[in-house]
Amino acid sequence: MSTPAEIKACCAASYGNDAVALVLGESYHPGGLTLTRRLAELLRLRGGQCVADIAAGPGATARLLAADHGVTVDGVDLGQSTVEAARAATAEAGLAAKVRFHLGDGEHIPLPDNACDAVVCECAFCTFPDKPAAAAEFARILRPGGRVGITDVTVAEGGLPDELTTLAAWVACIADARPLGEYAAILERAGLTTVHTEAHDEAIGRMIEEIEARLRLLRMTASDRLVRAGVDVEAVLRYTALAKQAVADGLIGYALLIAEKPGR
Ligand SMILES: C[S@@+](CC[C@H](N)C(=O)[O-])C[C@H]1O[C@@H](n2cnc3c(N)ncnc32)[C@H](O)[C@@H]1O
């Protein structure tokens with residue numbers, strides 16, 4: 001049994017591995033930037049507002065929000081190499097004046113109270129061992145009337161088979177995923193009222209298939225890079241097959257949720 005600190009460190013280190021970018025592509029969540037655009041629309045972002053992207057990964061979402069909506073973005077991620085990669089890609093895109101990245105934990109966000117018009121958290125709330133602490137942090141950094149937009153893995157009531165609750169499953173954002181209603185209840189207890197939800201279950205099945213296709217291609221064209229990065233392709237493919245079955249059985253899905261901090 002891993003401790004919460006071990007789980008967080010393992011998750012952050014795994015997403016900092018070079019092979020992850022090869023296998024996941026630009027955006028590290030089901031639905032990709034298309035779903036991020038939908039999330040931004042529902043957050044009703046306006047130019048000049050400030051947004052926090054919690055567990056920002058390589059920063060594709062933060063850059064999209066700044067470029068398309070004219071907002072400034074503070075991205076926070078627990079992975080040192082992930083933050084460095086996000087900063088480099090952002091400088092290369094000419095967006096460094098609008099998008100900053102901070103090394104930090106979603107359960108202890110390094111931003112002041114009431115600082116943000118919106119908080120975004122994609123495919124990461126499910127990995128936080130202390131979800132109530134993260135929800136309280138979202139509420140703390142949001143200004144009254146501000147909105148939080150989450151997209152995340154959901155599980156059916158009754159949970160998952162044991163083989164999908166391992167440490168690898170934590171990294172794959174599955175092990176501690178919850179039913180959508182439970183995410184809303186956690187946010188509610190932190191003072192955030194859910195105002196809109198959408199199911200995007202098809203997005204997670206599509207992402208697993210894309211991961212499998214990229215892995216099979218890389219196995220043929222760049223197997224040395226995978227070996228250097230410590231990726232056991234067969235083990236990952238065994239795991240994706242299990243996850244795909246769980247999606248087909250309706251045990252795993254993906255959802256979008258918008259919640260609001262009351263007051264203005
Ligand atoms: C599945 S990726 C999602 C990245 C990004 N939100 C996206 O959708 O492209 C999960 C990210 O969460 C980060 N992470 C994991 N635990 C974290 C924590 N406790 N605080 C901040 N970031 C965390 C990882 O380093 C990784 O970059």
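Visitor: What makes the meeting of the Asp 176 and Arg 178 side chains a polar contact?

Guide: The side chains of Asp 176 and Arg 178 make this contact at 3.1 Å. A pair of N or O atoms must lie within 3.5 Å, so a distance of 3.1 Å passes the cut-off. Please keep in mind that this is a predicted model.

Visitor: Where does Asp 176 sit in the chain, and how do you know whether Asp 176 is buried or exposed?

Guide: Asp 176 belongs to the loop that runs between α7 (167-171) and α8 (180-189). Its relative accessible area is 15%. Buried means under 20%, therefore Asp 176 is buried.

Visitor: What other salt bridge does Arg 178 form with Glu 182, and at what distance?

Guide: The side chains of Arg 178 and Glu 182 come together at 2.8 Å, N to O, and because the limit is 4 Å this is a salt bridge. Glu 182 has a relative accessibility of 32%, which lies between 20% and 50%, so Glu 182 is partly exposed. Shared partners in salt bridges connect Lys 131, Asp 176, Arg 178 and Glu 182 as one network.

Visitor: How many salt bridges does the whole structure hold?

Guide: The search finds 16. Among them is the one between Asp 105 and Lys 8, at 2.8 Å from N to O.

Visitor: How do you know whether Asp 105 and Lys 8 are buried or exposed?

Guide: Asp 105 has a relative accessible area of 13%, and Lys 8 has 15%. Buried means under 20%, so Asp 105 is buried and Lys 8 is buried as well.

Visitor: Let us turn to the backbone. What is the phi of Ala 55, and what makes Ala 55 partly exposed?

Guide: Ala 55 has a phi near 65°, a positive value in a residue other than glycine. Ala 55 lies in the loop between β1 (50-54) and α4 (60-69). Its relative accessibility is 23%, between 20% and 50%, so Ala 55 is partly exposed.

Visitor: Which value makes Asn 114 partly exposed?

Guide: For Asn 114 the relative accessibility is 42%, between 20% and 50%, so the label is partly exposed. Asn 114 is in the loop between β3 (99-103) and β4 (116-122), and has a positive phi of about 55° although it is not a glycine.

Visitor: How many cavities are counted, and which residues are closest to the centre of the largest cavity?

Guide: There are 2 cavities of 30 Å³ or more. The largest cavity has a volume of about 450 Å³. Of its 32 lining residues, Ala 55, Ala 56, Gly 57, Asp 77 and Ala 124 are closest to the centre. Helix α1 gives the most to this lining, with 4 residues.

Visitor: Which residues line the second largest cavity?

Guide: Its lining consists of Ile 150, Thr 151, Asp 152, Leu 180, Tyr 183, Ala 255, Leu 256 and Leu 257. These divide into 6 nonpolar, 1 polar and 1 charged.

Note on methods
Residues numbered from 1 in each chain as written. Predicted model: local features only at pLDDT ≥ 70, side-chain atom pairs only at ≥ 80, totals over all residues. Heavy atoms only, no water. Helix = DSSP H or I, 4+ residues; strand = E, 2+ residues; numbered from the N terminus. Buried < 20%, exposed > 50% of the residue type's maximum accessible area, 1.4 Å probe, protein only. Polar contact = N/O pair within 3.5 Å; in protein donor to acceptor, adjacent residues only side chain to side chain. 1 Å grid on protein atoms, 1.4 Å probe; cavity = no way out; pocket = protein on both sides within 12 Å on 5 of 7 lines; lining within 4 Å. Points joined across faces, edges and corners; volume = space filled by probe spheres on them. Nonpolar A, V, L, I, M, F, W, Y, C, P; charged D, E, K, R; others polar.
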